[in-house]
Amino acid sequence: MKSDYTEIIAAYKEKPGGIIEAYHALQRAYNYIPEEAVASAAQAFGMSKAEAWGVATFYSYFKVGERGRYIIRICESAPCHIAGADKVVAALEKHLGIKMGETTPDGKFTLEFTECVGQCQATPVITINCKPYEDVTPEGVGEILAKCQ
Ligand code: FES
């Protein structure tokens, strides 16, 4: 695994602002930025670890640390909220046995909030690895999760 992320980082080493592109590439490859990769990026881009860590955590898009294979995001913007997103959150947490922001111990699912994903005609909306599911009900959550195999 180690060589994988060092190779990804090395590919952006000579580019101006390459650390951001390297982080994007890492997140594409892993779904998150491995913690060890931040130290490796610091070395490659001649920064302190604190600086490299600061870049990774400044942008909310980047996620440092392990995440699940399926990233489930629940829209918490007003239209979804009014349509009962909190009940969908409760159902997801109950089914998976984790709280928002957590990953299941088997590394399969991560629960996160998101802003509006542009599907407000069919609230509440969740996305699983960026694929939107519309008009989600607490009762329908089990069926949606069962499709993630
Ligand atoms: S408010 Fe949830 S998708 Fe737009």
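Notes on the helix pair and the sheet

1. Helices H3 and H4 cross in a right-handed sense (the near helix is turned clockwise from the far one by less than a right angle). Helices (H or I, at least four residues) and strands (E, at least two) are DSSP runs numbered from the N terminus.

2. This is a predicted model, in which local features need pLDDT of at least 70 and side-chain atom pairs count only at pLDDT 80 or more, while totals for chains, interfaces and linings use all residues. Residues are numbered from 1 along each chain as its sequence is written, and side-chain values use heavy atoms, leaving out hydrogens and water.

3. Confidence first: pLDDT (the predictor's confidence in each residue, 0 to 100) averages 92 over the protein chain, with 98% of the residues at 70 or above.

4. Glu35, Val38, Ala39 and Ala42 of H3 meet Lys49, Ala52, Trp53 and Ala56 of H4 (heavy atoms within 4.5 Å).

5. Now the sheet: 4 strands make an open, mixed sheet ordered S2-S1-S3-S4 (pairing needs at least two DSSP bridges). S2 (109-114) and S4 (131-133) are the edge strands, each with a single partner, so one side of each lacks a neighbour in the sheet. S1 (residues 70-75) runs parallel to S2, joined by 6 bridges; Glu112 in S2 is the bridge partner of Arg73.
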